[in-house]
Amino acid sequence: MIEFQTARLIVQDWSATIADPVARLTLEADLTNMLSPAVLAHLPDPMRFEPGGDVTDWLDARTAECEGLLVRAEGHLVGLVLLARPGDGTCHVGYLLAQDRWGQGIGSELLCGLVAALHADAPIRLLGGVANDNPASARVLTKAGFQRDLALSSDDTDMFVLEID
């Protein structure tokens with residue numbers, strides 16, 4: 001279970017929240033507000049849903065495929081981190097932030113904190129994919145120590161790698 005704090009953020013595993021019916025309803029309401037079309041725009045197709053779509057199904061799908069971390073600032077949900085570990089020593093890292101938090105350095109703070117927390121799992125290879133039309137997210141990954149891997153990248157997605165020893 002990964003949990004950590006930074007100067008502005010509290011990041012906690014979402015398992016207890018999802019298991020508690022009342023807390024889950026609050027989370028679903030928060031996600032409904034946070035997952036705007038702009039926030040979802042740069043995510044891979046399977047992770048998107050239409051405005052007004054079923055956030056319960058979206059959350060169930062994410063829970064089935066990965067570990068989730070809730071990102072809070074000043075007591076409010078401001079983002080998510082999704083970690084998929086296929087069992088081969090790699091960890092696919094995905095994150096999203098509420099649109100009203102963009103441009104405040106929270107993404108960089110979050111990813112740097114995550115990298116520090118994942119040192120406990122070393123050795124581990126972190127992978128992060130970014131749509132080519134999302135240079136801000138690519139900058140966040142590079143600030144956290146990731147490097148673009150041309151061999152893993154495609155025409156529409158840049159892949160970034162960080163080896164933690």
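**Pockets, cysteines and ring contacts**

By residue class, 4 nonpolar, 5 polar and 4 charged residues make up the lining of the second largest pocket. The model is predicted. This second largest pocket has a volume of about 210 Å³. Its lining comprises 13 residues, and those closest to the pocket centre are Asp30, Met34, His76, Leu77 and Ala98. Two elements, α2 (21-34) and β4, each supply at least two lining residues. Helix α2 gives the most to this lining, with 4 residues.

The largest pocket has a volume of about 1,100 Å³. It is lined by 43 residues. Leu43, Tyr95, Gly129, Asn134 and Ser137 are the closest to its centre. The lining divides into 24 nonpolar, 13 polar and 6 charged residues. Several helices contribute at least two residues each, namely α3 (37-40), α5 (106-118) and α6 (135-143). Strands β4 (76-84), β5 (90-97), β6 (124-131) and β8 (157-164) likewise supply at least two residues each.

The cysteines were examined next. The structure holds 0 disulfides. A disulfide requires two cysteine sulfur atoms within 2.5 Å. The sulfur of Cys66 is 9.5 Å from the closest cysteine sulfur, which belongs to Cys91, so this pair is too far apart for a bond. Seen from Cys91, the nearest cysteine sulfur is that of Cys66, at 9.5 Å, and Cys91 is in no disulfide. A residue counts as buried under 20% relative accessible area. Cys66 is therefore buried, because its relative accessibility is 14%. Cys91 is buried as well, with a relative accessible area of 0%.

Contacts involving aromatic rings were also searched. Across the whole structure, 0 aromatic pairs were found. A charge does lie over a ring, however: Arg62 sits over the face of Trp58. The distance from Arg62 to the ring centre of Trp58 is 5.2 Å.

In summary, the predicted model has a largest pocket of about 1,100 Å³ and a second largest pocket of about 210 Å³. Cys66 and Cys91 are buried, and the structure holds 0 disulfides. The search for aromatic pairs returned 0, while Arg62 lies over the face of Trp58.

Terms used
Residues are numbered from 1 along each chain as its sequence is written. This is a predicted model: local features need pLDDT of at least 70, side-chain atom pairs count only at pLDDT 80 or more; totals for chains, interfaces and linings use all residues. Side-chain values use heavy atoms; hydrogens and water are left out. Buried means under 20% relative accessible area, exposed over 50%, partly exposed in between (1.4 Å probe, protein chains only). On a 1 Å grid over the protein atoms alone, a cavity is a set of points where a 1.4 Å probe fits but cannot get out, and a pocket is an open set with protein on both sides within 12 Å along at least five of seven lines; lining residues have an atom within 4 Å of a point. Grid points are joined across faces, edges and corners, and a volume is the space filled by probe spheres set on the points. Ala, Val, Leu, Ile, Met, Phe, Trp, Tyr, Cys and Pro count as nonpolar, Asp, Glu, Lys and Arg as charged, and the others, Gly among them, as polar. Rings of Phe, Tyr and Trp (its six-membered ring) pair if their centres lie within 6.5 Å; planes under 30 degrees apart count as stacked, over 60 as edge-to-face and the rest as tilted. A charge sits over a ring if NZ of Lys or CZ of Arg is within 6 Å of the ring centre and within 35 degrees of the ring normal.
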